[in-house]
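Welcome! Please take a look at the structure below, and then we will walk through a few of its details together.

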Amino acid sequence: MIGTVLLLGLLSLGSSKIVVYNTTKDCNALFYIEDYRIYLNGSAVDLSVLDGKAKCTNNSDDSWRVLEIAFSKNIDATYTDVKVSYNFSSTNTGYWQSEKAMLEYKKNGVTYKPSTVFHHIEIINARFSYSCGIPVNISFTSNSTESTPVLFMNRYQLQLWGLSSSKMEFWDNVSCLNYLSKGAWMGVFSSVILIVVLVLSVMMVLSTQTPDRFETSKSKCLIIPHEH
């Protein structure tokens, strides 16, 4: 099902806010981003200054959604009709994640549609939005002879499920910024294991006892019988 949606671009201090809403109440989405650029043939283009419209598409059971942003302003005489799409999926248990990113543009009248996997958003509860302040570079697979198109995203927030046309606002967010990185957690667990081994080793050494009786010349010899 395809709903009628509107893309609003608000420019302020170099940032852009993109809000997508659906008038048919079938597919709602909110997307806010402050730094949105695309690199075509090595040249950077600020997408926030391009007027755009968007649409949200979902299937009958709403297990997947596609958020497409089409920019009506041309980059220049060479690059025109730029579109950026994101594919998302949801589970029966109430979680959603990103799956794929697609780019479409025309160069000198020839249409290119590169795409790539987009797994930066993983296992988000449908009651939460997703926010990220870490720069993300999405490199697309292209069959053209020019350099690989790259989509740059930074400081953005996105919510696909749990919205209604009467209450279009972000819910509590899950951030991509963790208190500890994966490398830090690896260091913590390794340190804990080493500390436990060290403590056990010290305890074993301290529990070692010397014998309180020793053999003398008058002591009976230890005889171990054996059979021939």
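This is a predicted model: local features need pLDDT of at least 70, side-chain atom pairs count only at pLDDT 80 or more; totals for chains, interfaces and linings use all residues.

## Around Gln 159

Leaving aside residues up to four places away in sequence, Gln 159 touches Asn 28, Ala 29, Leu 30, Ala 126, Phe 128, Ser 129, Glu 169, Phe 170 and Trp 171. Gln 159 belongs to strand S14, which covers residues 150–159.

Is this residue, Gln 159, buried or exposed? Gln 159 is buried because its relative accessible area is 0%, and the cut-off for buried is under 20%. Its side chain also reaches the backbone oxygen of Trp 161, at 3.1 Å.

## Strand S3 and its partners

Let us move on to the strand pairing. Strand S3 (residues 29–40) runs antiparallel to S14, and nine bridges join the two. Within S14, Phe 152 stands opposite Arg 37.

S3 also pairs with strand S4 (residues 43–46), again antiparallel, over four bridges. Here Tyr 39 has Ala 44 in S4 as its bridge partner. The hairpin of S3 and S4 has two residues between the strands, and Asn 41 takes a positive phi near 55° there.

## The disulfide

How many disulfides does the model have? The count comes to one. Cys 132 and Cys 176 form it, with their sulfur atoms 2.0 Å apart. The link joins distant parts of the chain, 44 residues apart: Cys 132 lies in strand S12 (residues 129–132), while Cys 176 sits in the loop between strand S15 (173–175) and helix H1 (182–206).

The link of Cys 132 and Cys 176 is right-handed, with 90° about the S-S bond. Both Cys 132 and Cys 176 are buried.

Key. Residues are numbered from 1 along each chain as its sequence is written. Side-chain values use heavy atoms; hydrogens and water are left out. Buried means under 20% relative accessible area, exposed over 50%, partly exposed in between (1.4 Å probe, protein chains only). A polar contact is a pair of N or O atoms within 3.5 Å; within protein, one must be able to donate a hydrogen and the other to accept it, and residues adjacent in sequence count only if both atoms are side-chain atoms. Contact means heavy atoms within 4.5 Å. Two strands pair if DSSP finds at least two bridges between them. A disulfide is a pair of cysteine sulfur atoms within 2.5 Å.
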